[in-house]
Amino acid sequence: MANNMQIEEIVRQVLASMNGSAVANAATAAPKAANGAIPATAHVAMLTELEKIEIKEVPMPAVGDDDILVKVEGCGVCGTDAHEYKRDPFSLIPVVLGHEGTGEIVKMGKNVKKDSAGKDLNIGDKVVTSMIFKDNPDITMFDLNKQNVGGADVYGLLPDDDVKLNGWFADYILIRGGSTVFNVSDLDLYSRILIEPCAVLIHAVERAKSTGILRFNSNVVVQGCGPIGLICIAILRTMGINNIVAVDGEQKRLDFAKELGASATVSFKDYKGIEALAGAVEAAFGGHLADFAFQCTGSPIAHANIYKFIRNGGGLCELGFFINGGDATINPHFDICSKEITIVGSWVYTLRDYATTFDFLKSAKKLGLPIDKLITHTYPLEEINEAFKTNLAMTGLKIATINK
Ligand SMILES: NC(=O)c1ccc[n+]([C@@H]2O[C@H](COP(=O)([O-])OP(=O)(O)OC[C@H]3O[C@@H](n4cnc5c(N)ncnc54)[C@H](O)[C@@H]3O)[C@@H](O)[C@H]2O)c1
Ligand SMILES: [Zn+2]
């Protein structure tokens with residue numbers, strides 16, 4: 001009969017084979033690696049010129065003591081990626097894009113023990129990254145009053161270097177020491193791909209809450225039903241906010257807004273002039289204007305319009321302008337002063353928002369909100385140019401690469 005130590009060893013081996021990890025043994029030399037062989041080369045989808053992404057084979061880099069090698073499972077295409085693909089505004093070409101990615105740890109340096117939230121990290125765990133930090137005490141995990149992570153580096157928008165594995169549009173990525181990384185093994189693949197855009201909305205809702213105006217029974221208008229506005233609606237629903245009017249001009253998107261929890265929708269294409277449109281929003285709330293509004297389009301006209309949907313003393317969160325979209329004309333007296341509107345802006349997120357996002361995605365699933373349907377098109381890495389074309393054609397919502 002096996003003695004206790006033998007049994008322990010057998011259990012360890014069975015557990016290790018179940019999660020595909022190497023048998024953890026204190027004497028094992030670092031770095032720790034998965035049982036499955038790691039190929040000598042990796043493949044990255046490199047933007048080599050405007051509107052041209054080429055798959056390049058590169059040597060698999062060494063994994064340092066603080067590094068993590070991740071086998072990529074998939075990555076969402078973001079509006080920022082599309083800007084870079086069309087115009088290279090950040091002058092990054094040649095660049096491996098992709099910052100909404102996720103994958104499985106296949107190898108890690110001996111110093112890697114915990115993720116950025118203090119959770120254990122092991123071979124086989126599914127992870128996402130957020131930002132790469134230089135020591136900056138103003139960016140912390142749990143202090144909401146500290147600054148957002150704008151300005152820090154992010155995988156998928158890094159200049160090319162010798163490592164090459166710098167973005168998630170690849171089959172492997174090297175997460176270097178000093179990066180934020182989260183163990184999200186308890187979320188499915190589509191949820192993990194949606195984490196980054198969802199964090200944008202968790203942050204926006206936290207900003208909105210700071211006004212003190214957003215409450216359970218608030219009438220909330222969400223203007224713009226692209227991925228950003230749609231996720232906003234789903235988050236409001238998980239918070240127990242039920243009176244949500246979605247405004248857009250695309251009927252398919254408005255229909256999806258209802259599936260994600262909007263109580264009513266208004267198509268701006270059905271109304272001539274802002275008075276008629278504001279009247280339709282008021283009617284959709286049963287004769288009230290909105291207590292709070294989220295502006296989720298990049299249109300200056302939409303920014304100017306939204307004040308007309310808000311009641312005196314109401315609030316506004318403007319998050320639609322990730323990049324400069326031009327000037328908007330408003331009347332400060334009628335739109336802000338005399339109505340005493342409280343306005344907050346929102347841009348990217350903090351690390352705390354990432355942690356909240358994981359909980360939101362689980363709550364949304366429990367409530368039966370079809371968050372997964374936000375990913376309307378998937379492509380293998382080899383067809384990444386098609387993925388970008390579909391993104392630019394705006395025929396879907398979230399486009400993603402899913403590796404074979
Ligand atoms: N604050 C942040 O950190 C942050 C992060 C990511 C994206 N964004 C911004 O959020 C905006 C929305 O992102 P998205 O991916 O959902 O974009 P999207 O283009 O897919 O969606 C925008 C939606 O707005 C609708 N729209 C346009 N003009 C309108 C109007 N006048 N009234 C009502 N609806 C109108 C469009 O029909 C479309 O459905 C973008 O401008 C993006 O730059 C901000
Ligand atoms: Zn993004």
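Predicted model: local features only at pLDDT ≥ 70, side-chain atom pairs only at ≥ 80, totals over all residues.

Met-394 counts as exposed, because it has 10 C-beta neighbours inside 10 Å, and here a residue is called exposed if 12 or fewer other C-beta atoms lie within 10 Å of its own, buried if 20 or more do, and partly exposed in between, with the C-beta atoms placed from the backbone. Met-394 is found in the loop between helix H10 (384–393) and strand E17 (398–402), and it has a positive phi of about 55° although it is not a glycine. Residues are numbered from 1 along each chain as its sequence is written, and chains are lettered from A and ligands numbered from 1 in the order in which they are written. The helices (H or I, at least four residues) and strands (E, at least two) are DSSP runs, numbered from the N terminus.

Glu-340 also has a positive phi, near 50°, in a residue other than glycine. Glu-340 sits in the loop between helix H8 (332–337) and strand E15 (342–345), and it is exposed, with 9 other C-beta atoms within 10 Å.

Let me turn to a buried residue. Leu-230 lies in helix H4 (residues 227–238), and it counts as buried because there are 29 C-beta neighbours inside 10 Å. If we leave aside its neighbours within four places in sequence, Leu-230 is in contact with Cys-225, Phe-256, Ala-257, Leu-260 and Leu-374, where contact means that the two C-beta atoms, placed from the backbone, lie within 7 Å.

Of the 28 residues around ligand 1, Gly-224, Gly-226, Ile-228, Gly-298 and Phe-322 come nearest, and a residue is taken as near if its C-beta atom, placed from the backbone, lies within 6 Å of the molecule.

What about the nonpolar core, meaning a set of buried Ala, Val, Leu, Ile, Met, Phe, Trp, Tyr and Cys residues joined through C-beta atoms within 7 Å? The largest one has 113 residues, and those with the most contacts inside it are Ala-170, Cys-232, Ile-233 and Val-281. Helix H3 (residues 189–209) gives this core its largest share, twelve residues. Setting aside neighbours within four places in sequence, Ala-170 is in contact with several residues, among them Ala-42, Val-72 and Val-96.

Val-96 leads us to a sheet, because Met-46 stands opposite Val-96 in E5. Three strands form this open sheet, in the order E3-E2-E5, with antiparallel pairing, and two strands are said to pair if DSSP finds at least two bridges between them. Strand E3 (52–59) and strand E5 (95–96) stand at the edges, each with a single partner strand, so one side of each is left without a neighbour in the sheet. Strand E2 (residues 41–49) and E5 pair in the antiparallel sense over two bridges. In the loop between helix H2 (79–87) and E5 we find Pro-94, and the peptide bond from Ile-93 to Pro-94 is cis, with omega near 0°.

To end with the whole protein, there are ten helices and 17 strands, and 43% of the 404 residues count as buried.

Note on methods: Core = buried A, V, L, I, M, F, W, Y, C linked by C-beta atoms within 7 Å.
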